[in-house]
Amino acid sequence: AAPLALRLAAPVFVHFHSSELTARSRRHLRLWRTLGVRMEFFAVSDFSKGLLEGSEVRDLVRATLPNPVDTSVQFAVREQPHRPFRVGFVGSKSPNKGLHLLVSIAGLLRDEDVEWHVFGIDLRPTAPPYVARCLRSIKHRGLEDRFRWWGKFDDVKGVYVDVDALLVPSGLESQPRVALEAMASGLPVVATRVGGLPEVVI
């Protein structure tokens, strides 16, 4: 983006989604400033805005601009919960998304009539190492029949109508869109109190 911005003499609008500023990101920001790229930063959450305000571009931070949710989309809402009650997880294979914490919670609720529906993680052809460790933990706890693995998906509306609540057990987040979409669909959301999550999940 920087070379094109310089060539066109155009400003760069940066919508900052990250939950951390890595050393690599800081190097890029310093380089862009050195090159004279005109930048303006809009953070996705107050948490992310605080990260930027503690960095080399604090004077370029303009405002908080949350993730949008298309309110014209009609999310289907169930009148009655499923039996067993279905708790959804929408995430990736990244350890930061907290699949291991979900497994621990499932162990604590083993005597309850609950199923755990996992969207966004493919187990084929082979599960990534972190996911494989979670699978072993599920097997060790005797919970294999409680988990449903749906892999990647295209229709997010279908995900939310298939579950009764959403769990967001992330280790760190700026502002996950899944929490906003789930609430827009009428689902209760339970989340870890980290990063920007407390700004949207009370």
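Colleague: Which residues line the largest pocket?

Modeller: Rolling a probe the size of a water molecule over the atoms shows where empty space is left. In this predicted model, local features need pLDDT of at least 70 and side-chain atom pairs count only at pLDDT 80 or more, while totals for chains, interfaces and linings use all residues. Residues are numbered from 1 along each chain as its sequence is written, and side-chain values use heavy atoms, with hydrogens and water left out. The lining of the largest pocket is made up of Val14, Phe16, Leu21, Arg24, Ser25, His28, Leu29, Trp32, Phe41 and Leu52 (on a 1 Å grid over the protein atoms alone, a pocket is an open set of points with protein on both sides within 12 Å along at least five of seven lines, and lining residues have an atom within 4 Å of a point).

Colleague: Where does the largest share of that lining come from?

Modeller: Helix α2 gives the largest share, five residues, and both β1 and α2 (23-35) supply at least two residues of the lining. Helices (H or I, at least four residues) and strands (E, at least two) are DSSP runs, numbered from the N terminus, and the protein chain has seven helices and eight strands.

Colleague: How many residues does the largest nonpolar core have?

Modeller: In soluble globular proteins, nonpolar side chains tend to be buried together. The largest core here has 17 residues, and Phe89, Leu99, Leu102, Trp116, Val118, Ile121 and Phe147 have the most contacts inside it (a nonpolar core is a set of buried Ala, Val, Leu, Ile, Met, Phe, Trp, Tyr and Cys residues joined through side-chain atoms within 4.5 Å; buried means under 20% relative accessible area, exposed over 50% and partly exposed in between, with a 1.4 Å probe and protein chains only). At least two residues of this core come from each of β4 (85-90), α4 (99-108), β5 (114-119) and α5 (129-140). If neighbours within four places in sequence are left aside, leucine 102 is in contact (heavy atoms within 4.5 Å) with Phe89, Trp116, Phe147, Leu167 and Pro169. There is also a second, separate core of 16 residues, which includes Val163, Leu166, Leu187 and Leu197.

Colleague: Which residues of α5 are buried?

Modeller: An α-helix has 3.6 residues a turn, so residues three or four places apart point the same way. In α5, the buried residues are Tyr130, Val131, Ala132, Cys134 and Ile138, and their cover includes α4 and β6. Just after α5, glycine 142 takes a positive phi of about 70°.

Colleague: How many aromatic pairs does the structure have?

Modeller: A pair of aromatic rings is described by the distance of the centres and the angle of the planes. A search of the whole structure finds four pairs (rings of Phe, Tyr and Trp, the last by its six-membered ring, pair if their centres lie within 6.5 Å; planes under 30 degrees apart count as stacked, over 60 as edge-to-face and the rest as tilted). Phenylalanine 13 and phenylalanine 42 are stacked, at 4.8 Å centre to centre and 20° between the planes; phenylalanine 13 lies in strand β1 (residues 12-16) and phenylalanine 42 in strand β2 (residues 39-43), 29 residues apart.

Colleague: Is phenylalanine 13 buried or exposed?

Modeller: Phenylalanine 13 counts as exposed because its relative accessibility is 53%, whereas phenylalanine 42, at 16%, counts as buried. Phenylalanine 119 and tryptophan 150 have ring centres 6.3 Å apart and planes at 15°, so this pair is stacked. Phe119, Trp150 and Phe153 form one aromatic cluster.

Terms used. 1 Å grid on protein atoms, 1.4 Å probe; cavity = no way out; pocket = protein on both sides within 12 Å on 5 of 7 lines; lining within 4 Å.
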